[in-house]
Amino acid sequence: MGKLALTGGAPLRDKKWPSWPVYDGAEREALSRVQASGVFRGGNEARAFAAAYADFCGARCCVPVANGTVSIELILRALGIGRGDEVILPPYTFIASYSAICFAGATPVFADISPVDYNLDAAAVERVITPRTRAILAVSVGGRPADYDALSDVARRRGLALIGDAAQAAGARFNGTDIAALGTAASISCQNSKNLTCGEGGLITTNDEALCNTLTAMLSGGDAQHLALDSGISEFGAAILSSQLTRLPAQMETRSENAAYLDELLSALGFVAPLPADPRVTRNAYHLYFVRVLEDKLGVSRNAFIRAVAAEGVPITTGYEPLYTFPGIKEPHDCPTTDRIAAHEASWITQNALLAGREDMRDIARAMEKVYDCIDELREVE
């Protein structure tokens, strides 16, 4: 296939991938509508979107907020979780999952992830529960639902809140139910890269009416038990989300079709693999498409392989570093699976690439084949 692009050869691909976010006159009309109304906060746009998203996901209540970090903080504060309490989370996630716990005054506690889906491992959660534990933060990394069967069982037996960090998982379903309607509550991010975006925003969903009322009170001035947090979404953001929500079902279908085709292509290669299928995951949101790199089959490091594939024109990266490797994070940890996956196995392709066509999916596989065919060349520069 020729010389590697990493060492000066021609890239396999120079065609651009789909841009993100997707927008047109519908978003411009939505912004003009808000401007004409003169109501920029706390108006009909936010109420209309909240009702529409609750209907979309099947949750009793949706509370739009300023971003996907404060959404987790608000849930914790509304549940009375704070100083002296512990919240369990995976270290393989974005820093906001950790930060939100700290902002609420609680203590983050790391539990290891599963090698099957890169989400929290329920057995690892059990091992770190203490008398101070109040909640489990179940991150659905990349948009693939966490194991809600196992985690719900742990939460129920141990009397803990199960909070879904669905930042990357708008529209994902587990056993046919949208994860926004599972657990005690869920948090969704609407930041610029997310599958449902308004540039910056967040959503809280829950089936608990009392919790919904508490959250609403906190956003509108507080009550006798809870301080106010001025963290509501703007009318501009809500109006854009209403437009984006109309696009989401078709985009999810396209991502799912391309991901299934990519699963087929990569499974045939032998030196990389998709994450194993789980029939309980009835819809993966595919904010990220994970590629498992099999270093033992390649004879080079994951990092070198991904650098070479990226140089061929594929939007692929090595993904998260464990949060406990960040400066300033000192929480103890025993997470060997996270260590291995983060350093040697995981890589991902972002969701906008899955909005391309089948030929583009073939380009991803072809780029990996090219790098594999030139593996001796790659070893020399690794």
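Biologist: Which hand does the crossing have where helix 10 passes helix 12?

Modeller: Right-handed, in this predicted model: that is how helix 10 passes helix 12.

Biologist: Why is helix 10 called oblique to helix 12?

Modeller: Helix 10 (residues 302-311) and helix 12 (residues 358-373) pack at about 125°, their axes 9 Å apart. Perpendicular runs from 65 to 115 degrees and antiparallel starts over 145, so with that angle helix 10 counts as oblique to helix 12.

Biologist: What makes the contact, and which classes do its residues fall into?

Modeller: Helix 10 brings Phe305, Ala308 and Val309, while helix 12 brings Ala367, Met368 and Val371. By class that's 6 nonpolar, no polar and no charged residues.

Biologist: What residues does the second, separate core include?

Modeller: Ala304, Ile306, Ala367 and Val371 are included in that core of 36 residues.

Biologist: And in the largest nonpolar core, which residues touch the most other members?

Modeller: Of its 48 residues, Tyr53, Val125, Leu196 and Leu203 do. Elements giving two or more residues to this core include helix 2 (44-57), helix 5 (122-128) and helix 8 (235-267). Leaving aside residues up to four places away in sequence, Tyr53 touches Leu196, Leu203 and Leu245, among others.

Biologist: What makes Ala96 and Ile101 of helix 4 count as buried?

Modeller: Buried means under 20% relative accessible area, and helix 4 (residues 95-103) has Ala96, Ser97, Tyr98, Ser99, Ala100 and Ile101 in that class. Their cover includes helix 3 (70-78), strand 2 (86-89) and strand 3 (107-110).

Conventions: Residues numbered from 1 in each chain as written. Predicted model: local features only at pLDDT ≥ 70, side-chain atom pairs only at ≥ 80, totals over all residues. Heavy atoms only, no water. Core = buried A, V, L, I, M, F, W, Y, C linked by side-chain atoms within 4.5 Å. Buried < 20%, exposed > 50% of the residue type's maximum accessible area, 1.4 Å probe, protein only. Helix = DSSP H or I, 4+ residues; strand = E, 2+ residues; numbered from the N terminus. Contact = heavy atoms within 4.5 Å. Axes fitted to C-alpha atoms, helices over the stretch in contact; angles between N-to-C directions. Parallel < 35°, antiparallel > 145°, perpendicular 65-115°, else oblique. Left-handed = near helix turned anticlockwise from the far one by under 90°. Nonpolar A, V, L, I, M, F, W, Y, C, P; charged D, E, K, R; others polar.
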